[in-house]
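Biologist: I am new to this protein and would like to go through its model step by step. Could you please show it to me?

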Amino acid sequence: GGPIQNVQRAFELFGVGREGSVLLTDGSPAYPEVAATNEMHHLLCAHHFSALIMDAQKGLGHRATDFRVRANKAIFKAFADEGALEIHISEMCRDYAEYPKASTFLSTLEKCKRQVCLTFTAKYFTAGHVSTQRGESTNSRIKGKGTLNDELETSSLVVSVNIVLDVTSRQ
């Protein structure tokens, strides 16, 4: 199967993907469909998303710091209500309309705001997590050394799960 089927199968094998639970991801394309299939709340990693700000501020010159502060505010501040966040994003869109990278980022933020902005995500229990950092450190160990990444790409899901379990049990 493809990535969506593999993620769904992994959810079934590990007994995760319960209806109403939160799935916090890095935005990989397989996750929205899997979250919808399992009736989960799909949130995006705020730190992955905020990393996009660095690229978006290129070409802003002296306005880069203001853009970065305002973009981070949109993501990490719990505004009084959704309308206040909407105004904040709209004002940024107006103020940075002439900058292509900033405009592209703001369009993406507008599209994903319900999954990444604290104003919307605060209502979900995440044990205080807003990032996929713990999973990222495991990914780094799995992918970073030797031929393990190649082995994972060519093996079956069961073999891949066993490799991951073996690596993580040695932590």
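This is a predicted model: local features need pLDDT of at least 70, side-chain atom pairs count only at pLDDT 80 or more; totals for chains, interfaces and linings use all residues.

Biologist: In what order do the elements of the protein run from the N terminus on?

Modeller: Helices (H or I, at least four residues) and strands (E, at least two) are DSSP runs, numbered from the N terminus. The protein has 10 helices and 2 strands. From the N terminus on, their order is α-β-α-β-α-α-α-α-α-α-α-α.

Biologist: What percentage of the residues in the protein is buried?

Modeller: Buried means under 20% relative accessible area, exposed over 50%, and partly exposed in between, with a 1.4 Å probe and protein chains only. Of the 171 residues in the protein, the buried ones make up 34%.

Biologist: Which residues is Tyr-96 in contact with, leaving aside its neighbours within four places in sequence?

Modeller: Tyr-96 is among the residues with the most contacts inside the largest nonpolar core. Contact means heavy atoms within 4.5 Å. With neighbours within four places in sequence left aside, the residues in contact with Tyr-96 are Leu-60, Arg-63, Asp-66, Phe-67, Arg-70, Ala-102, Ser-103 and Leu-106.

Biologist: Why are α3 and α6 described as roughly antiparallel to each other?

Modeller: Axes are lines fitted to C-alpha atoms, for helices over the stretch in contact, and angles run from 0 to 180 degrees between N-to-C directions. Angles under 35 degrees count as roughly parallel, over 145 as roughly antiparallel, 65 to 115 as roughly perpendicular and the rest as oblique. The axes of α3 and α6 come within 10 Å. α3 and α6 are therefore roughly antiparallel, as their axes cross at roughly 165°.

Biologist: How many nonpolar residues are in the contact of α3 with α6?

Modeller: In this contact, Ala-46, Phe-49, Leu-52, Ile-53, Asp-55 and Ala-56 of α3 meet Lys-101, Ala-102, Phe-105, Thr-108, Leu-109, Cys-112 and Val-116 of α6. Ala, Val, Leu, Ile, Met, Phe, Trp, Tyr, Cys and Pro count as nonpolar, Asp, Glu, Lys and Arg as charged, and the others, Gly among them, as polar. Beside 1 polar and 2 charged residues, the number of nonpolar ones is 10.

Biologist: How many charged residues are in the contact of α5 with α6?

Modeller: The axes of α5 and α6 come within 10 Å and cross at roughly 170°. Glu-82, Glu-86, Ile-89, Met-92 and Cys-93 in α5 meet Leu-106, Leu-109, Glu-110, Lys-113 and Arg-114 in α6. These divide into 5 nonpolar and no polar residues, while the number of charged ones is 5.

Biologist: How are α1 and α2 set to each other?

Modeller: The axes of α1 and helix α2 (residues 30-37) come within 9 Å. Pro-3, Ile-4, Val-7, Gln-8 and Phe-11 of α1 make the contact with Ala-30, Tyr-31, Glu-33, Val-34 and Thr-37 of α2. The axes cross at roughly 45°. The arrangement of α1 and α2 is therefore oblique.

Biologist: Is Asn-6 buried or partly exposed?

Modeller: Asn-6 is found in helix α1 (residues 3-14), and Asn-6 lies 9.0 Å from Ala-30 in space, C-alpha to C-alpha, although the two are 24 residues apart in sequence. Because its relative accessible area is 34%, Asn-6 is partly exposed.

Biologist: Is Ala-64 buried or exposed?

Modeller: Ala-64 is found in helix α4. Its C-alpha is 9.0 Å from that of Met-54, 10 residues away in sequence. Because its relative accessible area is 13%, Ala-64 is buried.

Biologist: What is the phi of Glu-39?

Modeller: Glu-39 has its place in the loop between α2 and β2 (41-44). Although Glu-39 is not a glycine, its phi is positive, at about 55°.

How values were computed. Residues are numbered from 1 along each chain as its sequence is written. Side-chain values use heavy atoms; hydrogens and water are left out. A nonpolar core is a set of buried Ala, Val, Leu, Ile, Met, Phe, Trp, Tyr and Cys residues joined through side-chain atoms within 4.5 Å.
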